[in-house]
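The sequence and the structure come before the details.

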Amino acid sequence: MSSGVAARRDAKKLVRSPSGLRMVPEHRAFGSPFGLEEPQWVPDKECPRCMQCDAKFDFITRKHHCRRCGKCFCDRCCSQKVPLRRMCFVDPVRQCAECALVSHREAEFYDKQLKVLLSGATFLVTFGDAEKPETMVCRLSSNQRCLILDGDSHREIEIAHVCTVQILTEGFPPGGSTRATGMFLQYTVPGAEASTQLRLMAGEDANGSKRQAAAWLAAMHKATKLLYESRDQ
């Protein structure tokens with residue numbers, strides 16, 4: 001990909017919506033697959049009372065819209081201002097208690113797991129029915145739209161074309177936990193009738209790359225949940 005095309009894909013613009021300032025992709029098609037669209041606000045005339053505590057709105061009890069769900073609440077039920085990165089808001093925005101809890105949980109993905117995915121990890125990668133795996137570094141692209149695999153060859157898989165993700169684990173003795181050791185991925189290729197499969201497995205070595213691979217897989221597991229939420233919106 002040329003630097004000019006990459007720059008256009010990463011270009012962003014500042015827009016103002018009723019909910020606040022947002023830093024969004026210059027071209028809608030290049031938005032993050034983990035993003036959420038702004039909700040339609042419940043019209044003022046349709047919510048004479050708080051949709052949480054049923055308090056009646058008047059000159060003293062003012063109504064506020066949650067920026068995540070779009071419902072109407074009183075100040076007491078919608079007082080928290082929380083970052084909402086999945087909608088690209090520049091500043092923390094007002095959210096109801098339920099939505100604020102979800103946004104707080106998602107903040108961990110952006111603060112921790114996303115950085116792990118962008119850094120990448122080394123895996124043994126098997127494409128389709130290939131007999132031998134290839135050692136490759138797998139990472140998420142900076143615009144979060146592609147999985148990039150680099151080794152003796154180079155592959156890019158668009159996140160939007162991924163249809164199945166299965167994290168492979170190995171178990172410990174009864175009462176213990178499990179550890180991610182690999183990932184099975186199924187995706188479609190434009191123009192191809194059948195889907196394509198690949199398997200990533202953490203290698204066996206003593207230099208810490210296996211630990212890094214396990215952290216990357218755990219982050220990918222979290223990313224998969226967000227991806228399915230975005231598609232179901």
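## Cysteines

A disulfide is taken here as a pair of cysteine sulfur atoms within 2.5 Å, and the structure holds one disulfide. The model is a predicted one, in which local features need pLDDT of at least 70 and side-chain atom pairs count only at pLDDT 80 or more, while totals for chains, interfaces and linings use all residues. Residues are numbered from 1 along each chain as its sequence is written, and side-chain values use heavy atoms, with hydrogens and water left out.

The disulfide is formed by cysteine 47 and cysteine 72, whose sulfur atoms are 2.4 Å apart. Helices (H or I, at least four residues) and strands (E, at least two) are DSSP runs numbered from the N terminus, and in these terms the pair links distant parts of the chain, with cysteine 47 in the loop between β2 (20-25) and β3 (63-65) and cysteine 72 in strand β4 (residues 72-74), 25 residues apart. Both cysteine 47 and cysteine 72 are buried, where buried means under 20% relative accessible area, exposed over 50%, and partly exposed in between (1.4 Å probe, protein chains only). Cysteine 74, by contrast, is in no disulfide, the nearest cysteine sulfur being that of cysteine 77 at 3.7 Å. Cysteine 74 counts as buried because its relative accessibility is 4%, and cysteine 146 is buried with a relative accessible area of 6%.

## Aromatic rings

Rings of Phe, Tyr and Trp (its six-membered ring) pair if their centres lie within 6.5 Å, and planes under 30 degrees apart count as stacked, over 60 as edge-to-face and the rest as tilted. The count by this rule comes to three aromatic pairs. Phenylalanine 34 and phenylalanine 109 form an edge-to-face pair, at 5.6 Å centre to centre and 65° between the planes; the pair links distant parts of the chain, since phenylalanine 34 is in the loop between β2 and β3 and phenylalanine 109 in helix α2 (residues 97-119), 75 residues apart. Phenylalanine 34 is buried at a relative accessible area of 3%, and phenylalanine 109 counts as buried at 0% relative accessibility.

The rings of phenylalanine 123 and tryptophan 216 have centres 5.5 Å apart and planes at 65°, so this pair is edge-to-face. It joins distant parts of the chain, with phenylalanine 123 in strand β7 (residues 121-127) and tryptophan 216 in helix α3 (residues 209-232), 93 residues apart. Phe34, Phe109 and Tyr110 form one aromatic cluster.

A charge sits over a ring if NZ of Lys or CZ of Arg is within 6 Å of the ring centre and within 35 degrees of the ring normal. Arginine 22 lies over the face of phenylalanine 89, at 5.9 Å from the ring centre, and arginine 155 over that of phenylalanine 127, at 3.9 Å.

On a 1 Å grid over the protein atoms alone, a cavity is a set of points where a 1.4 Å probe fits but cannot get out, and a pocket is an open set with protein on both sides within 12 Å along at least five of seven lines; lining residues have an atom within 4 Å of a point. One cavity of 30 Å³ or more is counted, and about 50 Å³ of space lies in the largest cavity. Its lining residues include Pro83, Arg85, Glu106 and Tyr110.

The second largest pocket has a volume of about 220 Å³, and α2 gives the most to its lining, with four residues. Among the lining residues of this pocket are Met51, Lys71, Cys77 and Val102.

Note on methods
Points joined across faces, edges and corners; volume = space filled by probe spheres on them.
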